[in-house]
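Morning, everyone. Let me put the model on the screen, and then we'll walk through it.

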Amino acid sequence: MALGHFTGEALSEWMKDDGPDSDIVISSRIRIARNLRNYPFPMLAVNQQSEEVLEKVGQVLGYDELGTISRFQYVPLSELNDLEKRVLVEKHLISPSLANESRNGAVILSDNESISIMVNEEDHLRIQVLCSGFQIREAWDLANQLDDVFENHLDYAFDEARGYLTSCPTNVGTGIRASVMIHLPALVFTQQINRILQAIAQVGLAVRGIYGEGSEAVGNLFQISNQITLGQTEEEILDNLHSVVRQIIEHERAARGALLSESRNRLADRVRRSYGILSQAIIMDSKEASQRLSDVRLGIDLGLLPAPTPRVLNELMVMTQPGFLQQRAGGKLSPEERDLRRADLIRERLSEDRSG
């Protein structure tokens with residue numbers, strides 16, 4: 001499969017299907033951190049050592065166990081230009097860290113892009129599984145299956161007392177990060193979000209932006225994940241996240257119901273104004289695009305707008321990002337050029353959706 005499949009198309013195959021509670025939970029993700037015994041962590045490894053890790057991981061691709069799960073493509077980061085790396089970051093297929101530190105780094109991608117295995121990032125292996133909607137247990141089942149395959153053929157760094165050893169101490173133990181990307185516009189509009197976020201922190205969960213640690217929450221999208229990996233089993237981590245996210249979903253649905261009953265006309269006006277601006281604007285920066293797409297998504301979910309489809313909104317979430325805009329243009333663009341092309345692309349895509 002050509003690399004253009006991963007960098008040229010905004011919407012991953014796994015995003016085309018609606019998962020459970022997809023009106024609120026955009027996606028579920030499991031990430032497992034693993035390292036090889038007798039090799040320094042990537043940040044301390046010399047070239048020969050990191051090359052040997054690449055070779056050992058690459059050999060696992062030749063075993064039949066992985067072939068029964070999916071078809072995979074091995075992509076060395078050295079073969080990608082900066083824009084291609086940025087697109088993969090925007091599609092959540094690699095981390096900003098791997099994109100910026102590509103020395104002897106690689107990513108192994110499944111055909112539908114639901115599986116992304118980063119090699120020589122912060123850890124030797126970062127096994128990631130993405131699912132649409134609220135499917136955190138389904139994502140874990142697949143990630144665990146992949147982890148078993150690699151563990152059968154690689155000698156993991158493991159300590160009987162501490163569990164799996166990782167570059168960052170906060171990942172030691174199970175090495176698992178379970179997270180959901182969740183859309184919470186009603187809790188933001190009703191000014192309940194700060195109280196909810198404070199409660200989340202008190203039960204051992206972290207709230208971040210859409211690109212993880214250090215990123216900003218834009219478009220009313222929040223990433224909620226476990227903070228603790230040591231001293232808890234995988235099931236305990238998943239149970240805690242599942243329980244808290246279920247409560248957040250209920251709070252968001254209640255807030256949406258209150259907005260509909262108490263401020264329906266104002267909400268409908270906001271939603272339609274955002275759709276109108278997206279449909280007509282000549283210039284659109286990324287922050288405004290994210291916010292107005294959030295308004296439109298809420299309007300569709302509440303039956304206040306007949307179009308566009310959620311699939312188009314998912315597509316625009318990626319297509320309006322700087323990397324994808326520049327990849328589509330065939331080269332780097334100034335901020336103003338990006339804002340012009342972003343508005344053009346949104347108008348064009350919404351028009352196609354109406355006529356289709």
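Strand E4 (residues 115–119) pairs with E5 in the antiparallel sense, over five bridges. Pairing here takes at least two DSSP bridges between two strands. Helices (H or I, at least four residues) and strands (E, at least two) are DSSP runs, numbered from the N terminus. Ile117 has Ile127 as its bridge partner in E5. E4 and E5 form a hairpin, with five residues between them. In that turn, Asn120 has a positive phi of about 60°.

A word on the source. This is a predicted model, with residues numbered from 1 along each chain as its sequence is written. Local features need pLDDT of at least 70, side-chain atom pairs count only at pLDDT 80 or more, totals for chains, interfaces and linings use all residues, and side-chain values use heavy atoms, with hydrogens and water left out.

Back to E5. What does strand E1 (residues 25–34) do with E5? The two run antiparallel, joined by eight bridges. Ser28 stands opposite Cys131 in E5.

Is strand E5 (residues 125–132) mostly covered or mostly open? Mostly covered: eight of its eight residues are buried. Buried means under 20% relative accessible area, exposed over 50%, partly exposed in between (1.4 Å probe, protein chains only). Leu125, Ile127, Val129 and Cys131 point one way from E5. Arg126, Gln128, Leu130 and Ser132 point the other way.

Now the cores. A nonpolar core is a set of buried Ala, Val, Leu, Ile, Met, Phe, Trp, Tyr and Cys residues joined through side-chain atoms within 4.5 Å. The largest one has 82 residues. Ile30, Phe150, Ile182 and Ile248 touch the most other members. Helix H9 (residues 234–280) gives the largest share of this core, 14 residues. Apart from it lies another core, of 13 residues, with Leu88, Val89, Ile94 and Met118 among them.

Take Ile182. Contact means heavy atoms within 4.5 Å. Leaving aside neighbours within four places in sequence, the contacts of Ile182 include Ile24, Val25, Phe222, Val245 and Ile248.

On to helix H12 (residues 322–329). Its buried residues are Pro322, Gly323, Phe324, Leu325 and Gln326. Just after H12, Gly330 takes a positive phi of about 85°.

Last, Leu340. It sits in helix H13 (residues 335–355). Leu340 counts as partly exposed because its relative accessibility is 31%.

That's the tour. Over to you.
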